[in-house]
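Keep the viewer open as you read.

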Amino acid sequence: MMQRALFIVNPISGGKSKERIIALIGRLLDKSRFSYEVVRTERAGHALELARDADADLVVAIGGDGTVSEVARGLLLSKRPKTFGIIPCGSGDGLALHLGISRHPEKAIEVLNGGVTARMDYGTVNGEPFFCTTGVGFDADVASAFARSRHRGLLSYISTAFRLWTHFTPDTYTVTVDGKTVETLAAMVTVGNVNQWGNQARITPLASVQDGMMDVTVVRPFHLWHVPRLARLLMTGRADKAREVIELRGKQVLVRRTRDGAAHRDGDPFPAGKTLSVDTVPAALEVVVPPQKKGHLDL
């Protein structure tokens with residue numbers, strides 16, 4: 001049976017042109033399975049509206065984590081079930097990389113043609129959905145500064161982080177996960193549905209989108225000269241082995257701090273006050289995944 005596919009393109013995400021990707025869709029998408037339409041977003045929130053209202057069986061986000069999050073939130077609001085697809089081309093691409101979806105558009109289109117799907121969890125933070133990570137502390141401060149910057153990309157993110165670290169002050173956090181409480185001075189607290197912020201920086205390396213739980217990484221204060229060691233552990237999927245890290249896991253997470261400040265949701269900053277309340281919504285979104293990922297508990 002022919003399926004209808006809608007491709008939602010963010011023309012400006014990642015600072016890259018999407019015209020080559022659109023041309024590849026026309027050439028490589030399996031026309032025996034799909035009829036399709038491509039729509040470009042025109043403003044913030046447009047991707048959510050397009051996904052919510054789409055008369056389609058498959059809705060595909062073409063962009064970065066912000067576009068992916070908007071499209072996914074739109075699907076949650078839709079009155080009819082739709083399958084979620086991703087062609088990643090952003091600065092981080094955390095959800096796509098966790099799911100094993102290639103940043104090479106040809107390979108991402110092959111995944112769509114394969115039609116293998118899985119049910120994935122998502123989280124809510126203070127009542128709003130997120131799909132990758134949410135958190136408070138240093139990473140949220142960096143997300144806020146990066147959002148105000150005119151420069152995109154990993155190098156800009158790293159330079160922003162180093163600049164902020166020179167005058168960053170840790171806070172005391174009380175973290176309660178399924179009734180178990182830890183109180184500690186910390187640089188940041190990250191709650192992960194997936195295993196990474198993006199770019200394979202695996203801050204919650206043991207996270208799964210199919211276990212009905214969130215992984216929590218509490219990073220206690222560290223000195224600047226510890227950064228190379230911590231970065232190596234982060235990029236090799238061993239952040240949980242760092243002596244500065246406390247790892248927790250559960251369905252409900254409550255984070256309290258002593259002062260108001262920013263938080264982030266899938267990299268987008270928002271004001272959160274002193275409290276972050278996170279809940280898990282299990283197996284709520286159907287997503288297209290590579291065949292080798294089907295049924296894997298570490299998906």
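The expected span of a helix is 1.5 Å times one less than its number of residues. Keep in mind that the model is a predicted one. Now try that rule on helix α3, which runs over residues 65–77. With 13 residues, α3 reaches 18 Å from its first C-alpha to its last, close to the 18 Å expected.

Next, see which parts of α3 are tucked away. Its buried residues are Asp 65, Thr 67, Val 68, Ser 69, Glu 70, Val 71, Ala 72, Gly 74 and Leu 75. The elements covering them include the helices α2 (46–53) and α4 (94–99), along with the strands β1 (3–9), β3 (58–63), β4 and β16 (275–288).

Strand β4 spans residues 83–88, and Thr 83 sits in it. Thr 83 counts as buried because its relative accessibility is 12%, under the 20% cut-off. Who are its partners? Beyond neighbours within four places in sequence, Thr 83 is in contact with Asp 57, Leu 58, Val 59, Leu 75, Thr 117, Glu 286, Val 287 and Val 288. Leu 75 also turns up among the buried residues of α3.

Finally, the cysteines. How many disulfides are there? The count comes to 0. For Cys 89, the closest cysteine sulfur is in Cys 132, and at 14 Å that is too far for a bond; a disulfide needs the sulfur atoms within 2.5 Å. Looking from Cys 132, the closest cysteine sulfur is the one in Cys 89. Both are buried: Cys 89 has a relative accessible area of 7%, and Cys 132 has 5% relative accessibility.

Conventions. Residues numbered from 1 in each chain as written. Predicted model: local features only at pLDDT ≥ 70, side-chain atom pairs only at ≥ 80, totals over all residues. Heavy atoms only, no water. Helix = DSSP H or I, 4+ residues; strand = E, 2+ residues; numbered from the N terminus. Buried < 20%, exposed > 50% of the residue type's maximum accessible area, 1.4 Å probe, protein only. Contact = heavy atoms within 4.5 Å.
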